[in-house]
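This report describes the fold of one protein chain and the surroundings of several of its residues. Please consult the sequence and the model shown here while reading.

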Amino acid sequence: MQAAGGTPLSAPTRPRRVGLLLAVAAFVLVADGVSKSIVVARMADHQPIRLLGGLLTITLTRNGGAAFSIGTSMTIVFTAIAVGVIVYILRTARNLRSIGWAIALGLLLGGATGNLLDRIFRAPGSFQGHVVDWIELPHWPVFNLADSSIVCAGVLVVLLALFGIRLDGTRPIPAASSPQPAISDLDPSSLDPSPPNRSPADSSSPDPSPLDPSPLDPSPANPSFGDSSPTDPSPRAPSDPDNPKSEYPEPRITVPGQADSADRPADDGR
C-alpha cells in the first residue's frame with residue numbers, strides 16, 4: 001500500500017498482548033496464594049472436609065515434588081525448571097500478539113510462579129520448600145490452583161498448535177500449488193482439431209487439396225493431363241474420306257534383283 005504522496009505504508013500490526021499475559025498470571029498467582037494461606041491457617045489441625053457427596057475433598061498436603069506429587073525427591077530440580085520457564089515466558093512476551101497465547105502463557109506463568117514461591121519461602125528450607133496442595137478428587141492426586149493453571153495452559157497450547165496460530169497471532173500460509181488453466185483461458189487455436197498449415201518448404205509432399213484437380217484426373221479442368229504417347233514431330237497427311245487407305249501408305253514389295261526396276265524406264269526392246 002502507498003500513501004497519497006507515494007510513501008509506502010506498512011501492513012497494520014496487531015497490538016501486543018503483554019498486559020493480558022500479566023493480568024492472567026497475576027490473577028492465578030493471587031488466587032493460588034490466598035487459597036493456600038487459608039488452607040494452611042484453617043486446615044492445619046482439621047480433618048479433611050468432604051463436599052458434593054465426596055466428589056470434592058479439601059485437605060492439607062505438603063508436596064516436595066512437581067505437580068500432582070510427582071518426583072517428591074527432586075525439589076531443587078523442579079525449582080530450577082520453574083525459574084527457567086518463567087524467564088522464557090518473559091522473554092517471549094516481547095513478540096506476543098495473540099490473545100490465545102497470552103492467556104495460555106499467563107496461566108503457565110502464574111502457576112509456575114505460585115509453586116516457585118512455595119519452594120522459596122516455605123519449609124523445610126529456601127529453594128527446597130514443599131508446595132501446599134489442598135484439592136482432592138476421587139482417584140486423583142491432591143493438587144492446588146497453580147497445578148490446575150499449568151494443566152489448563154498445556155491444553156490450550158496444544159489447541160493453538162493444532163490450529164496453527166503463532167505467537168504473533170498469524171497462521172502459516174500454505175504453499176500455493178500451480179492452478180490448472182481453465183478451458184476459457186486457453187488459446188482457441190490450440191483447440192482446433194484441423195492440422196496446421198504447412199508451407200512447401202516444410203513438407204516435400206503436401207496433401208492435395210480436395211478442390212485441386214488430381215494429376216490422374218482426365219477431366220478438362222486438369223490441364224496437366226494429356227496423352228501419354230510420345231509426340232510425333234512430323235506432320236501427318238490429311239486423311240481422305242473417299243480413300244481410307246490413304247491415311248496408311250501401302251508398303252512396297254521389293255524383289256531381289258529388281259530393286260531398281262521401278263526406278264528405271266521400261267526397256268522397249270531396242
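## What covers helix α1

The buried residues of α1 are covered by elements that include β2, α2 (75-92), α3, β3 and α4. These buried residues are Leu21, Val24, Ala25, Val28, Asp32, Ser35, Lys36 and Val39. Here, buried means under 20% relative accessible area, exposed means over 50%, and partly exposed lies in between (1.4 Å probe, protein chains only). Helices (H or I, at least four residues) and strands (E, at least two) are DSSP runs, numbered from the N terminus. Contact means heavy atoms within 4.5 Å.

The model is predicted: local features need pLDDT of at least 70, side-chain atom pairs count only at pLDDT 80 or more, and totals for chains, interfaces and linings use all residues. Residues are numbered from 1 along each chain as its sequence is written, and side-chain values use heavy atoms, with hydrogens and water left out.

## Overall plan

The protein contains 4 helices and 3 strands. Along the sequence, these elements follow the pattern α-β-β-α-α-β-α. Of the 270 residues, 23% count as buried. Among contacts between residues at least 6 apart in sequence, 60% join residues at least 24 apart.

## Helices α1 and α3

Two packed helices are described by the angle between their axes and the distance between the axes. The axes of α1 (residues 18-42) and α3 come within 7 Å and cross at roughly 35 degrees; axes are lines fitted to C-alpha atoms, for helices over the stretch in contact, and angles run from 0 to 180 degrees between N-to-C directions. The crossing of α1 and α3 is right-handed. A crossing is right-handed if the near helix is turned clockwise from the far one, and left-handed if it is turned anticlockwise, by less than a right angle. By class, the contact of α1 with α3 has 14 nonpolar, 6 polar and 3 charged residues. Ala, Val, Leu, Ile, Met, Phe, Trp, Tyr, Cys and Pro count as nonpolar, Asp, Glu, Lys and Arg as charged, and the others, Gly among them, as polar.

The length of each helix can also be checked. The expected span of a helix is 1.5 Å times one less than its number of residues. Helix α1 has 25 residues and reaches 36 Å from its first C-alpha to its last, close to the 36 Å expected. The 23 residues of α3 should span 33 Å, and its end C-alpha atoms are 33 Å apart, which agrees. In α3, 17 of the 23 residues are buried, so this helix is largely enclosed by the rest of the structure.

## Residues along helix α1

Ala25 lies in α1 and is buried, at 8% relative accessibility. Ala25 and Leu108 are 83 residues apart in sequence, yet their C-alpha atoms are 7.5 Å apart. Beyond its neighbours within four places in sequence, Ala25 is in contact with Gly106, Leu109 and Gly110.

Ser37, also found in α1, counts as partly exposed because its relative accessibility is 43%. Its C-alpha atom is separated by 9.1 Å from that of Val132, 95 residues away along the chain.

At the start of α3, a side-chain oxygen of Ser98 reaches to within 3.4 Å of the backbone nitrogen of Gly100. Asp118 lies in α3 (residues 99-121) and is buried, with a relative accessible area of 5%. The side chains of Asp118 and Arg122 are joined by a polar contact of 2.8 Å. Leaving aside neighbours within four places in sequence, Asp118 is in contact with Lys36, Gly129, His130, Val131 and Val132.

Ser149 is in α4 and is buried at 6% relative accessibility. Its side chain reaches the backbone oxygen of Leu107 at 2.5 Å.

## Loop residues with positive phi

Most residues other than glycine have a negative phi. Leu52, in the loop between β1 (49-51) and β2 (56-63), has a positive phi of about 55 degrees. His139, in the loop between β3 (131-136) and α4 (145-162), has a positive phi near 60 degrees. Leu52 is exposed at 67%, and His139 is exposed at 85% relative accessible area.

Methods. Polar contact = N/O pair within 3.5 Å; in protein donor to acceptor, adjacent residues only side chain to side chain.
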